[in-house]
Amino acid sequence: DAQIINWLHEFRASVTYLTKDFDQLVSLLLKLPWLRRSREVVEEYLGFLGNLVSAQTVHLRPCLRMIVSQFVPPRITIREDDVDISDSDDDDENLSENFNTCHRALQTVVRYVPSTLQFLMPILVESFPFINKSERTLECYVHNLLRVTVYLPTLRLQILELIVEKLLKLDVSTPQQDIEDAEEAANNSDSVEKSAEEGLFAMEEDEERKGNKVVSSSSERMAHPLAERLDILMTILFSYIKDVCHVDGKLDINKTKDLYRDLVSVFDKLILPTHASCHVQYFMFYICSFKLGFAEAFLDHLWKKLRDPNNPSVIRQTAGSYIGSFLARAKFIPVVTVKACLDLLVNWMHKYIDNQDTGANAYCDVALHGPFYSTCQAAFYTLIFRHKQLLDGNLRKGLSYLQSLNFERIVMCQLNPLKICIPSVVNLFAAITRKYQLVFCYTIIERNNRQFIPVVRSGTGGDLVQTCTNPLDSFFPFDPYVLKRSKKIIDPFYQFWEELSAEDLENLKKPIKRGTSEDEDDDFLKGETPQNDGVVEIAPNSYESNTRSPVSSIGSPPDCYVQY
């Protein structure tokens with residue numbers, strides 16, 4: 001140590017001579033393992049770094065690279081049969097202290113060279129570990145990146161973009177089905193092992209205790225290796241959001257607003273254009289749970305995206321999916337806000353029908369009316385999840401509100417949203433609206449079923465007959481969250497799907513079985529009169545009664561006579 005301090009002291013004195021010609025000598029000095037030396041060496045080295053970058057800015061990039069390379073645990077070389085299987089050294093107890101020193105070094109460099117920021121970001125991007133690196137390596141690097149945002153706030157947006165981009169790569173590489181399959185396979189293998197062990201002698205008590213300890217920690221682990229990495233990183237991101245927004249346990253509105261703006265910007269740039277990511281978008285769900293104002297701002301932001309015809313159709317459709325899923329799943333959104341959003345969506349749909357229902361484009365086509373169908377699905381999905389709350393308390397008032405939305409006109413229009421929306425959503429919506437006599441959808445569902453043309457695809461294994469059940473290619477962004485650790489943070493704010501009561505199930509049984517006719521006494525609800533051969537007719541009494549919604553249905557197509 002004394003020798004190193006002596007050398008560093010001399011180099012500090014002659015730092016003006018360390019020009020570009022001596023870059024090899026400087027690179028050797030930067031390779032010095034200074035972090036694992038005594039306190040005196042560390043202090044002397046930090047002083048040397050400060051002198052070097054202020055006198056010779058030509059060495060700024062190598063210095064930054066050296067500091068950033070210490071953001072991950074050091075590698076230890078392990079060889080097995082001449083194969084290098086080295087990875088992070090997890091047992092370095094001084095790790096957090098080393099990271100603190102690295103951040104001090106970076107702050108020193110920034111203090112001497114204010115233009116550091118523009119050189120630092122590309123180095124942070126290129127030093128990001130590959131997603132198949134060990135969980136520990138990724139965890140440490142992301143943790144340190146987020147620490148950088150605390151003392152270099154101007155880089156926060158870019159660093160959050162970098163982290164979310166990497167998280168998205170992990171997320172889309174691990175579809176939910178794969179994660180569930182891996183978990184199921186792991187559970188099955190565990191149960192097989194347990195049954196095999198039952199026949200063996202009982203283990204000694206201390207071993208048993210040790211075994212239990214391992215089980216409890218391993219029960220937190222995800223069976224899918226990429227899902228395990230994603231889970232750890234999502235937990236870090238959620239903790240970061242909480243720490244930034246809360247000061248001494250209380251929500252700091254101004255800090256939360258600033259972070260919210262950055263996160264919305266990242267959401268627009270990366271999350272919205274990504275199809276069917278499962279987990280990463282929950283950072284918006286989490287920050288919105290802190291205060292209702294943020295949830296309303298987020299809904300307003302999505303609504304503007306959906307409404308703006310200058311946005312690409314696919315972005316508008318995705319915004320519609322986010323609105324529906326957010327309204328349905330976020331426990332912290334009160335009924336008042338749900339009503340306000342439903343009013344916006346439904347009024348926009350009625351205006352859309354006014355404009356489109358009689359023109360040349362008044363037919364069912366996803367390519368022409370994608371955003372309209374996405375909005376319909378959002379409204380139907382919200383109603384499925386929230387109808388009990390909307391009708392809670394004063395049933396008459398709730399029903400008159402739902403009737404005022406005039407779903408009948410939307411369902412009956414020429415654009416035929418029931419044909420495009422996902423069948424499970426359509427069936428539940430039909431059951432709920434029939435129960436409360438808002439709309440009778442089954443006539444249209446039956447007609448649509450008859451019009452579904454199966455697509456025959458020829459392949460090497462023979463012909464495959466497919467029916468497209470999701471023409472919108474839509475997804476629900478806030479479907480149940482399955483990562484075990486970070487799930488605990490989301491669950492308290494999350495509305496799970498409640499199992500239906502026996503009565504609701506009774507209502508649902510009929511429509512789900514496609515193509516089967518209902519009981520004789522229910523025929524008038526479907527609008528079918530058995531004695532008519534070639535014509536489907538809507539019986540007048542089912543629509544002339546008080547179930548007709550109060551808002552007039554002008555602009556609806558003459559749906560009385562539809563040829564088979």
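User: To start, which helix is Arg 156 found in?

Analyst: Arg 156 is found in helix α8, residues 156-173, where helices are DSSP runs of H or I with at least four residues, strands are runs of E with at least two, and both are numbered from the N terminus. This is a predicted model, so local features need pLDDT of at least 70 and side-chain atom pairs count only at pLDDT 80 or more, while totals for chains, interfaces and linings use all residues. Residues are numbered from 1 along each chain as its sequence is written, and side-chain values use heavy atoms, with hydrogens and water left out.

User: Is Arg 156 buried or exposed?

Analyst: Arg 156 is buried, with a relative accessible area of 14%; buried means under 20% relative accessible area, exposed over 50%, and partly exposed in between, using a 1.4 Å probe and protein chains only.

User: And what does the side chain of Arg 156 make a polar contact with?

Analyst: Its partner is the side chain of Asp 262, at 2.9 Å. A polar contact is a pair of N or O atoms within 3.5 Å; within protein, one must be able to donate a hydrogen and the other to accept it, and residues adjacent in sequence count only if both atoms are side-chain atoms. Leaving aside residues up to four places away in sequence, Arg 156 touches Thr 149, Tyr 240, Val 244, Asp 258, Leu 259 and Asp 262, contact meaning heavy atoms within 4.5 Å.

User: Salt bridges next. What does Glu 161 pair with?

Analyst: Glu 161 forms a salt bridge with Lys 269, and the closest N and O atoms are 3.0 Å apart. Because Glu 161 lies in α8 and Lys 269 in α12 (residues 253-271), the pair ties together parts that are 108 residues apart in sequence. Glu 161 is buried at 14% relative accessible area, whereas Lys 269 is exposed at 51%. A salt bridge here is a side-chain nitrogen of Lys or Arg within 4 Å of a carboxyl oxygen of Asp or Glu, and by this rule the count comes to 21.

User: What about Arg 409, which residue does it form a salt bridge with?

Analyst: Arg 409 bridges to Asp 354, with the closest N and O atoms 2.4 Å apart. Arg 409 lies in α19 and Asp 354 in α16, so this pair ties together parts 55 residues apart in sequence. Arg 409 is buried, with a relative accessible area of 5%, and Asp 354 counts as partly exposed at 46%.

User: Which residues do salt bridges that share partners join into one network?

Analyst: That network consists of Glu 135, Arg 221, Glu 228, Arg 229, Asp 231 and Arg 485. Within it, Glu 228 and Arg 221 meet at 3.5 Å, N to O; Glu 228 is buried at 1% relative accessibility, and Arg 221 is partly exposed at 38%.

User: Changing topic, what does α18 pack against?

Analyst: The buried residues of α18 pack against α16 (335-356), α17 (366-391) and α19 (407-412). In α18 itself, residues 395-404, the buried residues are Gly 398, Tyr 401, Leu 402 and Gln 403. Asn 394 caps the N-terminal end of α18, with a side-chain oxygen 3.3 Å from the backbone nitrogen of Arg 396, and α18 is followed by Asn 406, whose phi is positive, near 55°.

User: Last one: how many helices and strands does the protein have?

Analyst: The protein has 26 helices and ten strands, and buried residues make up 47% of its 564 residues.
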